Amino acid sequence: MEMNQLGVVTTFVHNIVVYNIPLLYGTVGEIVVEKSGSLNLGVEGIMAVGAIFGYIIGCYTNSMAVGILTAFLFGALCGLLFAALTVSLQANQNITGLTLTTFGLGVYFFVGNGLKAVAWPAMNDYANIKNGFADLAIPGLSQIPVIGRGLFSHNVMVYLAVAVALAMWWYLNRTTPGLRLRAVGENPGAADSVGINVKRYKYVHTMLGCGIMGIGGYYMALNMSGSFNSTCWINGYGWIAVALVIFANWNPALAILGTFVFGFFNTLRVSGSSLAAAFPGTLGWLAAIPTQVYQALPFVITAVVLVATSVRKREGSGLPASLGLNYFREER
Amino acid sequence: MKKILAMVMAMAMVLSLAACGGGDKSSASAGSAASAGSAGSAASASTADAAEFKVGAIYINSKNDTAGYTFAHHNGITTAMKELGMDPATQLVIVDEVPEDKEQVLAAIDTLVGEGANIIFGISFGYIDAMAEAAEEYTDVVFSHATGYMSNDTNFNNYFGRAYQARYLAGIAAGLKSLETGNNNIGYVAAYGTEYAETCSGINGFALGVQSVNPDAKVYVKKLGAWGDEVNESAFAKELIDSYNCGVISQHCDSAQPQIAAQDAGVFGCGYNSDMTPDAPNAHLTAAIWNWNVYYHTAIEAAMNCGDASNFVTAMGGGAYYGGLKEGFVDVSPLNEATVAAGTQDAIDQVKELIVSGDWDVFTGVKLHITVADGAATVEKADEALVDNTGAEIVAAGGPSVEDGVITGSMNYYVEGVEEA
């Protein structure tokens, strides 16, 4: 069939944003947590918890703002659990994170399946949420061909994600608490010796970061129109976010770029064949690639990024020096 | 060191996700299966029999699921048992979440036989070898395998349904809608395409139904490569609507996401497995659905009344049960009056009558031409060859139906008017 070439490209760019914003929330959240020196592998589970509670409570109150707040709160509660276990009780961070993933997905399915049988809220019945999540064109910018609809005509949570990422960049690099936080992540002993409350910094920022992840989960719940069909809304985004942190070099602003680069490959699975049909001469080969390759592509790219960045020299790396190490004051 | 370890762990997680991204639901890629009429329903069982009879079931997912493949079967078995006056709480024994691994299936069978099961249903395709083997070992127990192709002459059969007939009816609803909207592009979000006869025959049945009312319509198939993948089910439907300008979205996948996407975009859709009108009241037309309890009722009744397990296959009239519209095993859900085009009900009723009475079937050298005027449909038969989308002839004009074995096991071509998107 005759495809509208411009339309296909526009849809592709639009989709890159729509389907990958949860990655940005997850990545920025994880950066904040890691900057405090804690490696939290529970992103997937925390996003799932934020998704399910944000969705249900948001629906019952018919307010997207309450939904976002609830998702943040429940994400932060997971963060509190993580901090209590790793900061106060000195539990191994890797194991605790993995446990949180299992725990979070368990809660997600428990609540989801349990409620599904009795009273699952359908997003269509909640006009405020349905309308709140509708695309919002930025006047002027959205008139530009292709990138106008592609980048500047999205729901409010997309803009929120970018705003949060920029705000976190500013917070980490331009404010005193941000500086202190980085100090805690680099060398908690030194930070402690100059009077920074290491424990409090770790607690607060683990909760803040996990709260942001929770919002990412809520985004996905709304993007799926709240239809719960016993497969997970999060679908691996959490794991990819952990890797994107490294790709973004622990820089929340770079995470925006990372999300879109990664999203490009992620979205090829959806749009690849349309692109092939619209540009048979130049992109026709995209259609010849089996679906399974597209399915594996995001994870292959993730693996490549992990390998490439770990080979790279430490010079200029944003990796917090004490990442993954518990701080035990008496050992100082 | 810990950092490297953490990175390695994250990477391992990521890779393991990629490895199991293939989908969690098992379904059919059946081999050759001979047709079998439904068993003549035997005299109803005596209450003493019904109270002692035990049904065993092996599920691929959890028996507590509230939607999806396992749920549909569990619901079918319990419904059938209640119809037969049995109590599922005491007379149904289940081993669930059994992967398609021969050893584990054999262990599940041992458990069920140990608990006194008289008939054992296995719902997933990959249970096939274990069930065939166990049927030889436990000759006093009936084994019945969904979506498979193996059987013996005594106590082991397989069962599946003519979903393509229901698809054809749904295709009529979609075709009439496309005439009404004037948009000839119809999208189809499919788990797989020509890789599995199950999906392939469904797509073809649907497309032929569409063409019976709108010969100019094209069906664009977008393959997921997985039986269940909610995120992409939604994304693929949106892509078909946005880039391919599709006005009706059909589906062969687990969730109602394609229908919800259609509703959000202001277009229409045909669901699958269950009535999806509640999910998308402004978009959904009708869905091709399964009534598994129809088979389970027939099979449990036959097993109770055939005396010895070795008579089961004879009582069922053969080793392969392949029910369709006639048996009520497959059907379309009640039409959504708010969305369907005028005359849809009449057209579907007439075609259903043709299929149920055995006058006509989908994959034959006879095509139906349906016209609707003033809400009343006229159905005409015409001898026309069944042609695939490369132009090769499958059935000559006026020729008989494609064999059941092909429909269930080896159909691997799209009919004319179907394209992969």
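The model is predicted.

## Chain A overall

Chain A holds 14 helices and two strands. Along the principal axes, its C-alpha atoms fill a box of roughly 70 × 50 × 40 Å. The radius of gyration is 20 Å, which agrees with the value near 20 Å for a compact globule of 332 residues.

Of the 332 residues, 52% count as buried. Take the contacts in chain A between residues at least 6 apart in sequence: 79% of them join residues at least 24 apart.

## Helices α1 and α11 of chain A

Two packed helices are described by the angle between their axes and the distance between the axes. Helix α1(A) spans residues 5-35 and helix α11(A) spans residues 237-247. Their axes come within 8 Å and cross at roughly 55 degrees. That angle makes α1(A) oblique to α11(A). The crossing is right-handed.

From α1(A), the contact uses Pro22(A), Leu23(A), Gly26(A), Thr27(A), Glu30(A), Ile31(A) and Glu34(A). From α11(A) come Tyr237(A), Gly238(A), Ile240(A), Ala241(A), Val242(A), Leu244(A) and Val245(A). By class, the residues of this contact divide into nine nonpolar, three polar and two charged.

## Where chain B meets chain A

The contact between the chains takes 41 residues from chain A and 38 residues from chain B. On the chain B side, the elements that give two or more residues are α1 (2-19), α9 (230-243) and α10 (257-265). Helix α1(B) gives the most, with 12 residues.

## Ala421 of chain B

Ala421(B) lies in the segment after β17 (418-420) of chain B. Is Ala421(B) buried or exposed? It counts as buried, because 24 C-beta neighbours lie inside 10 Å and the cut-off for burial is 20 or more.

Leaving aside neighbours within four places in sequence, Ala421(B) is in contact with residues of both chains. From chain A there is Ser273(A). From chain B there are Tyr220(B), Val221(B), Lys222(B), Leu240(B) and Tyr244(B). Tyr322(B) is 99 residues from Ala421(B) along the chain, and their C-alpha atoms are separated by 31 Å.

Terms used
Residues numbered from 1 in each chain as written. Chains lettered and ligands numbered in written order. Predicted model: local features only at pLDDT ≥ 70, side-chain atom pairs only at ≥ 80, totals over all residues. Axes fitted to C-alpha atoms, helices over the stretch in contact; angles between N-to-C directions. Helix = DSSP H or I, 4+ residues; strand = E, 2+ residues; numbered from the N terminus. Parallel < 35°, antiparallel > 145°, perpendicular 65-115°, else oblique. Left-handed = near helix turned anticlockwise from the far one by under 90°. Contact = placed C-beta atoms within 7 Å. Nonpolar A, V, L, I, M, F, W, Y, C, P; charged D, E, K, R; others polar. Rg over C-alpha atoms; globule rule 2.2 N^0.38 Å. Buried ≥ 20, exposed ≤ 12 C-beta atoms within 10 Å, placed from the backbone.
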